Amino acid sequence: MKTRRFVLGALSALACTGSALAGAQAQTQSYPDKPIRLIVPFTPGGVTDNIGRVLAERMGRELGQSFIIDNRAGANGRIGTDAVAKAAPDGYTLLLGGIGALTIHPHMLKLPYDPVNDFVPISLVATNDVVIVVNPKLPVKTPAELVAYVKANGAKMQYGSSGIGAPTHLAAELFKTRVGSNMVHVPYKGDSAAVMDVVAGNVDLSFSTVSATLSLIQAGKLRAIAMTGLQRSQSLPDVPTLDETVLKGFNADTWVGLFAPAHTPDPIIKRLYEATKAALADPDVRRKLIAGGNNIVGNDTAQFRTFLDAESKKWGDVIRTGNIKLDE
């Protein structure tokens, strides 16, 4: 009798499991059947938000469902990132995440989420160029002249960034390490403030995003010396990279990518990747993103994961070498 009850119980459990699996499979096959929430961990109007709105509109058409942009700003992107880490893994809550919360802050802070195990990377959407700009009165016009000048002037040189621990700050610290300079960091609350102090001549140079500097470069109020990524900017094609001139292998762009919570089913991840790929191939999407100083990427999950591992190692080394700490 006990054996019979055990067998019946086992069969019942198997039936429940099979039913649950069938339900999950049906849900996956019908995905998406309701709006998708895209959490942007920054305020409206910034680089990440602008990318998110362009991408979401086109992906929504591709998937046949609308995207709801949810700006969860705070703690330099960590609040919105944490919200996605704790969301249901059903493909209806996604993250447009970036370099800071996922590959820089883990080396500086104790986080409420695991940047590796709490997310599935769907696609690296775009990199946002970082450019070294100087006041036009500074006697440098090429990357080689800049390196010679910062070496000769040492701690008399001051550079601005968008804040301690920001990607632009770490790009400058990597530059300092590579050239052997001890120029002084002046942190600001955002790119715009740092850039305007270069225009005013209060600091010598700044590592800033193209989106924050393009109009000032075009107006002649700033001189662009070099790009910090591995390729020239599509917005500033005449400005050389450090990699191609004086610092081989130098790579310090910012970036934005699409993520889902861990354990999101593979078929949903594939569906989202295909929609991302289609959106980034759209000429109108490409035009809008390039105009914002972005270089379009659109790689797959495996490629994106490899990229994230390399980014985390690189910035961890820079943070330890510079003994950089957040004032938080």
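Trainee: Is Tyr113 buried or exposed in this model?
Mentor: The model is a predicted one, and the accessibility discussed here is computed from it. Tyr113 has a relative accessible area of 5%, and the cut-off for a buried residue is under 20%. Tyr113 is therefore classed as buried.

Trainee: What is the geometry of the pair formed by the rings of Tyr113 and Phe119?
Mentor: The structure holds nine aromatic pairs. In the pair of Tyr113 and Phe119, the ring centres are 6.0 Å apart and the planes meet at 80°. Because planes over 60 degrees apart count as edge-to-face, the pair of Tyr113 and Phe119 is edge-to-face.

Trainee: How many residues apart in sequence are the parts that the pair of Phe259 and Phe304 ties together?
Mentor: Phe259 and Phe304 form a tilted aromatic pair, with 5.1 Å from centre to centre and 50° between the planes, and both residues are buried. Phe259 belongs to strand E10 (residues 254-261), whereas Phe304 belongs to helix H12 (residues 301-322), so the pair ties together parts that lie 45 residues apart in sequence.

Trainee: Which residues form one aromatic cluster with Tyr113 and Phe119?
Mentor: The cluster takes in Phe259 and Phe304 along with Tyr113 and Phe119.

Trainee: Which residues lie nearest the centre of the largest pocket?
Mentor: The largest pocket has a volume of about 960 Å³, and its lining has 14 nonpolar, 20 polar and four charged residues. Among the elements that give two or more residues to this lining are helix H6 (167-179) and strand E10. Of the 38 lining residues, those nearest the centre are Phe42, Asn76, Ser162, Ala166 and Pro167.

Conventions:
Residues are numbered from 1 along each chain as its sequence is written. This is a predicted model: local features need pLDDT of at least 70, side-chain atom pairs count only at pLDDT 80 or more; totals for chains, interfaces and linings use all residues. Side-chain values use heavy atoms; hydrogens and water are left out. Rings of Phe, Tyr and Trp (its six-membered ring) pair if their centres lie within 6.5 Å; planes under 30 degrees apart count as stacked, over 60 as edge-to-face and the rest as tilted. Buried means under 20% relative accessible area, exposed over 50%, partly exposed in between (1.4 Å probe, protein chains only). Helices (H or I, at least four residues) and strands (E, at least two) are DSSP runs, numbered from the N terminus. On a 1 Å grid over the protein atoms alone, a cavity is a set of points where a 1.4 Å probe fits but cannot get out, and a pocket is an open set with protein on both sides within 12 Å along at least five of seven lines; lining residues have an atom within 4 Å of a point. Grid points are joined across faces, edges and corners, and a volume is the space filled by probe spheres set on the points. Ala, Val, Leu, Ile, Met, Phe, Trp, Tyr, Cys and Pro count as nonpolar, Asp, Glu, Lys and Arg as charged, and the others, Gly among them, as polar.
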